[in-house]
Amino acid sequence: MNVCGKRILVGITGSIAAYKSITLVRLLVKAGAEVKVVMTPAAAEFASPLVLATLSKHPVLLSLATGADWANHVALGRWAHAMVIAPASANSVAKMATGLCDNLLLAVYLSATCPVMICPAMDEDMWLHPSTQANLLRLKGFGNKVLDVETGELASGLFGPGRMAEPEEILSALNELLAKRAILAGKKALVTAGPTYEPIDPVRFIGNHSSGKMGIEIAAALAAAGADVTLVLGPVDLQPPVGVQVIKVTTAQEMYDAAMACFPHCQLTVMAAAVADYRPAVVAAEKIKKATNVSGEDMLTINLVRNPDILKACGQMKQDHQLLVGFALETNNEEENALKKLQEKNADFMVLNSLRDADSGFGTDTNQVTIYSKHLPAQRWPLQQKKALAGQLVEMLALHLPNVAID
Ligand code: C5P
C-alpha cells in the first residue's frame with residue numbers, strides 16, 4: 001500500500017528546509033494522495049501558503065481561528081491516513097514531546113489518531129543537543145516515526161548533520177509506513193464492543209459497566225492495519241473510530257442478529273463486548289410501579305431468560321479460514337474460566353482480563369491481559385494503554401490468520 005488514494009496531512013514548521021516541502025506536496029499529489037497543509041505561523045515566513053494551497057488544491061491552514069471560523073483540529077487529525085511533519089524544527093519537536101499546543105499544527109498533532117512521521121531539520125548544534133535527542137526519543141516512544149536527518153551543507157554555512165531528508169526519501173518512507181500498516185489489507189473483520197442493555201420496562205434496563213474502550217481500540221487498530229472493519233457496538237458514550245462501519249445495537253439479541261449477518265463474511269472476529277447473559281422474560285409495556293405482592297411483601301421478582309451466546313454461535317459456524325477471538329473478564333478462577341471458555345466457545349484465542357488486576361477492566365484507559373490459545377502457551381502481557389494493547393493484539397492475530405483461500 002502506498003500514498004495513492006490516501007489522505008495525507010503535511011505539517012510545516014519554521015525552518016529553511018520548508019522550501020523542500022513544496023516539492024514534497026507536489027510529489028504526494030502526483031502520487032495520487034489527497035493533501036492538506038497545516039503550517040505554524042513561523043513556517044509561513046519560509047514557504048508561501050499561496051504556492052502550497054495551489055499545489056495541494058486545499059486552503060492552507062495556519063491558525064486555530066480565522067475571523068469567526070474555527071479550524072477543527074480534531075476533525076483534521078482524524079481526517080488523515082498519515083501526518084508528516086516536514087520540516088520539524090527543534091522548537092516544534094520540543095513542543096510535541098511535551099504536549100504543548102500553542103498553534104494549530106501542534107493541536108492537530110495532539111489530535112492525530114493516524115501514524116505520524118517527523119522529519120527534523122535544524123542546525124548541527126541544535127540537532128546534537130541532548131535536549132533535542134531526548135525529545136526525539138520521547139516522540140519515538142509515542143510511536144511516531146522519526147526520519148533521520150542527512151549530513152551536508154547547512155543553512156548556517158556549517159557542514160554536519162541536520163539537513164532534512166529529501167522529499168523523494170520522505171515519500172518512500174511514507175509509502176513504507178503505510179504498507180507496514182496494511183498487514184490486513186483485503187481482510188474483513190468483525191468486532192463486538194460495549195455493554196448490552198436488556199429492557200425491564202420502558203424506562204429501566206439490566207446493563208453492565210463496560211465502556212466499550214477496548215473493543216473500539218481494537219476496531220481502530222484493525223482499520224489502521226488495512227482491514228475492512230464492522231463494529232457492532234452496544235450503548236456507549238464513546239465515539240466510534242473513523243473508517244469503520246458501525247452497527248449500533250442495544251440488546252444482546254440485536255447484537256446477535258448483527259454479528260450473525262456479518263460473521264460468515266469475516267476472516268477475523270474479535271468479540272470484546274460484555275453481553276448480558278440473561279434478559280427479562282417479559283418486558284413490561286408500562287413503567288412498573290411499586291407494589292406489595294400477594295404475600296404482602298414489598299418485593300419485585302423479575303424472571304430472566306438466557307440470551308443467545310454470540311461467541312459460541314460463531315464458534316459453531318467457524319470455518320478453516322476464520323480466526324475467532326473472545327474476551328473473558330473474570331473476578332476469580334481466572335485461568336480455569338478462560339480455558340473453559342476457549343474450549344466451549346471454540347475460539348482460537350481468549351483474552352483474559354481480571355478485575356483483580358489494578359488499572360484493568362471497565363472504563364480504564366489501561367489493561368493487563370493474558371492470552372490463551374489452543375496451541376500456544378499462555379502469554380501474560382504487561383499493563384499498557386488499551387490503544388497499545390489493541391495494536392499488539394492485531395499484530396499477533398495477523399500472524400495467526402489462517403492462510404486459506406476463501407470463496
Ligand atoms: O460472558 P462471557 O464471560 O462468557 O463472555 C466471554 C466472551 O463471550 C466474550 O468475548 C463475549 O463478548 C462473548 N459473549 C457473547 N455472547 C454472550 C456472552 C458472551 O458473544 N451472550
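Which atom of alanine 273 lies 2.6 Å from an oxygen atom of the ligand? A backbone N or O atom of alanine 273 does.

## The model

This is a predicted model: local features need pLDDT of at least 70, side-chain atom pairs count only at pLDDT 80 or more, and totals for chains, interfaces and linings use all residues. Residues are numbered from 1 along each chain as its sequence is written, and side-chain values use heavy atoms, with hydrogens and water left out.

## Two domains

The protein chain is assigned domain 1 (7-180) and domain 2 (188-399). These bounds come from an automatic or database domain assignment. Taken over C-alpha atoms, the two domain centres are 39 Å apart.

## Around the ligand

The residues surrounding the ligand include Met271, Ala273, Val275, Asp277, Pro308 and Asp309. Also among them are Ile310, Leu311, Gly326, Phe327, Lys341 and Lys345.

A polar backbone atom of methionine 271 is 2.6 Å from an oxygen atom of the ligand. For leucine 311, a polar backbone atom is 2.8 Å from a ligand oxygen. A polar contact is a pair of N or O atoms within 3.5 Å; within protein, one must be able to donate a hydrogen and the other to accept it, and residues adjacent in sequence count only if both atoms are side-chain atoms. Alone, the ligand exposes 440 Å², and the protein buries 89% of that. Accessible areas come from the Shrake-Rupley method with a 1.4 Å probe; for residues, only the protein chains shown count as cover.

Helix H11 (310-317) and S18 are the elements that give two or more residues to this shell. Helices (H or I, at least four residues) and strands (E, at least two) are DSSP runs, numbered from the N terminus.

## A covered helix

Helix H5 (residues 104-111) is mostly covered, with 7 of its 8 residues buried. Buried means under 20% relative accessible area, exposed over 50%, and partly exposed in between (1.4 Å probe, protein chains only). The buried residues are Leu104, Leu105, Leu106, Ala107, Val108, Tyr109 and Ser111. At the start of H5, asparagine 103 has a side-chain oxygen within 3.1 Å of the backbone nitrogen of leucine 105.

## Backbone exceptions

Most residues other than glycine have a negative phi, and most peptide bonds are trans. Lysine 57 has a positive phi, near 65°. This lysine sits in the loop between helix H2 (49-56) and strand S3 (65-66). Lysine 57 is exposed, at 62% relative accessible area.

Asparagine 333 also has a positive phi, about 40°, although it is not a glycine. Its place is the loop between strand S18 (323-330) and helix H12 (334-344). Asparagine 333 is partly exposed, at 44% relative accessibility. Elsewhere, a cis peptide bond joins alanine 86 and proline 87, with omega about -5°. Proline 87 is part of strand S5 (residues 82-88).

## A buried glutamine

Where does glutamine 368 lie? Glutamine 368 is in the loop between strand S20 (366-367) and strand S21 (370-373). Is glutamine 368 buried or exposed? Glutamine 368 counts as buried, at 6% relative accessibility.

Its side chain has polar partners. A 3.2 Å polar contact joins the side chains of glutamine 368 and arginine 380. The glutamine 368 side chain also reaches the backbone oxygen of tryptophan 381, at 2.6 Å.

Notes. A residue is near a molecule or strand if one of its heavy atoms lies within 4 Å of it.
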